[in-house]
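Here's a quick briefing to read alongside the structure. Have a look at the model first, then we'll walk through a few spots in it.

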Amino acid sequence: MSLLFFIFNQICSNKWQKLRTGGPGSGKGTQCANIVKYFGFTHLSAGDLLRAEIKSGSENGTMIQNMIKEGKIVPSEVTVKLLQHAMQESGNNKFLIDGFPRNEENRAAFEKVTGIEPEFVLFFNCSEEEMEKRLLSRNEGRVDDNIETIRKRFKVFVESSIPVIEYYDAKSKVRKIDAGKSIDEVFEEVKKIFTPAN
Ligand SMILES: Nc1ncnc2c1ncn2[C@@H]1O[C@H](COP(=O)(O)OP(=O)(O)OP(=O)(O)O)[C@@H](O)[C@H]1O
Ligand SMILES: Nc1ccn([C@@H]2O[C@H](COP(=O)(O)O)[C@@H](O)[C@H]2O)c(=O)n1
Ligand SMILES: [Mg+2]
């Protein structure tokens, strides 16, 4: 089973240096749609699964809604269970897991519960200004597409997701892409990573 995690955007640690950015709006979901069409993976967006859980009216729905509004990371046992169920239901064994893991707890819980590690992690590199611009014009009616939540999400990413990226980087599993270019240009870069060198 091959798993590719989409971890987003740049981080500000000196190792990855450059812009101090972090968090959403880099285009993960947009590129996942292209990858699914082109390479046949099953796209599992942790955020979409959580939003579906809210819509289902489940007992966790209100808690999830409040955490998304605050840009916080939902307890891993909730998210991992949703991902695991979606993987089991998919009938596929090639997954593109989008927006996951978001922190060390996510990573450890997923690997403990499923026993699998990602084949590689796609790291989308995008300036904070560009991501903010994209999110503010996304127009999908998301409760977290407002400047206050966006800023909180960037902060959560810097504090919680950096260690996860460095964990996978230490295992040479991170593939970095400049996501600041146009959608088509980014996908050209993505295709190179998904197409094995002959
Ligand atoms: N390369 C790009 N250039 C310009 N706009 C883009 C690009 N990629 C995506 N967008 C737009 O930016 C917005 C955010 O894209 P997308 O939803 O794919 O981001 P994301 O990384 O999944 O964000 P989140 O983590 O918040 O779900 C969308 O409106 C999308 O159409
Ligand atoms: N692993 C995750 C992924 C997402 N969340 C919450 O959902 C929000 C939206 O996520 P997107 O990937 O769709 O942008 C995110 O800001 C978190 O609040 C999570 O808790 N854990
Ligand atoms: Mg997304």
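Does N106 count as buried or exposed? With a relative accessibility of 2%, N106 counts as buried, because the cut-off for buried is under 20%. Keep in mind that this is a predicted model.

**The overall layout**
- You're looking at a protein with eight helices and five strands.
- Going along the sequence, the order is β-α-β-α-α-α-β-α-β-α-α-β-α.
- The protein has 198 residues, and 49% of them count as buried.
- Take the contacts between residues at least 6 apart in sequence: 76% of these join residues at least 24 apart.

**Around N106**
- An unreviewed UniProt entry puts a "binding site" feature at N106.
- N106 sits in helix α5, which covers residues 104–114.
- Setting aside neighbours within four places in sequence, N106 touches I73, V74, S76, V80, F100 and P101.

**Where α1 meets α8**
- Helix α1 (residues 28–39) and helix α8 (residues 183–194) have axes that come within 10 Å and cross at roughly 50°.
- That crossing angle is why α1 and α8 are oblique to each other, and the crossing is right-handed.
- On the α1 side, the contact uses T30, Q31, N34, I35, Y38 and F39; on the α8 side, I183, V186, F187, V190, K191 and F194.
- Sorted by class, the residues in this α1–α8 contact are eight nonpolar, three polar and one charged.

Technical notes: Residues are numbered from 1 along each chain as its sequence is written. Chains are lettered from A and ligands numbered from 1 in the order in which they are written. This is a predicted model: local features need pLDDT of at least 70, side-chain atom pairs count only at pLDDT 80 or more; totals for chains, interfaces and linings use all residues. Side-chain values use heavy atoms; hydrogens and water are left out. Axes are lines fitted to C-alpha atoms, for helices over the stretch in contact, and angles run from 0 to 180 degrees between N-to-C directions. Helices (H or I, at least four residues) and strands (E, at least two) are DSSP runs, numbered from the N terminus. Angles under 35 degrees count as roughly parallel, over 145 as roughly antiparallel, 65 to 115 as roughly perpendicular and the rest as oblique. A crossing is left-handed if the near helix is turned anticlockwise from the far one by less than a right angle, and right-handed if clockwise. Contact means heavy atoms within 4.5 Å. Ala, Val, Leu, Ile, Met, Phe, Trp, Tyr, Cys and Pro count as nonpolar, Asp, Glu, Lys and Arg as charged, and the others, Gly among them, as polar. UniProt positions are given in the numbering used here, feature names are shortened, and annotations may be inferred rather than shown by experiment. Buried means under 20% relative accessible area, exposed over 50%, partly exposed in between (1.4 Å probe, protein chains only).
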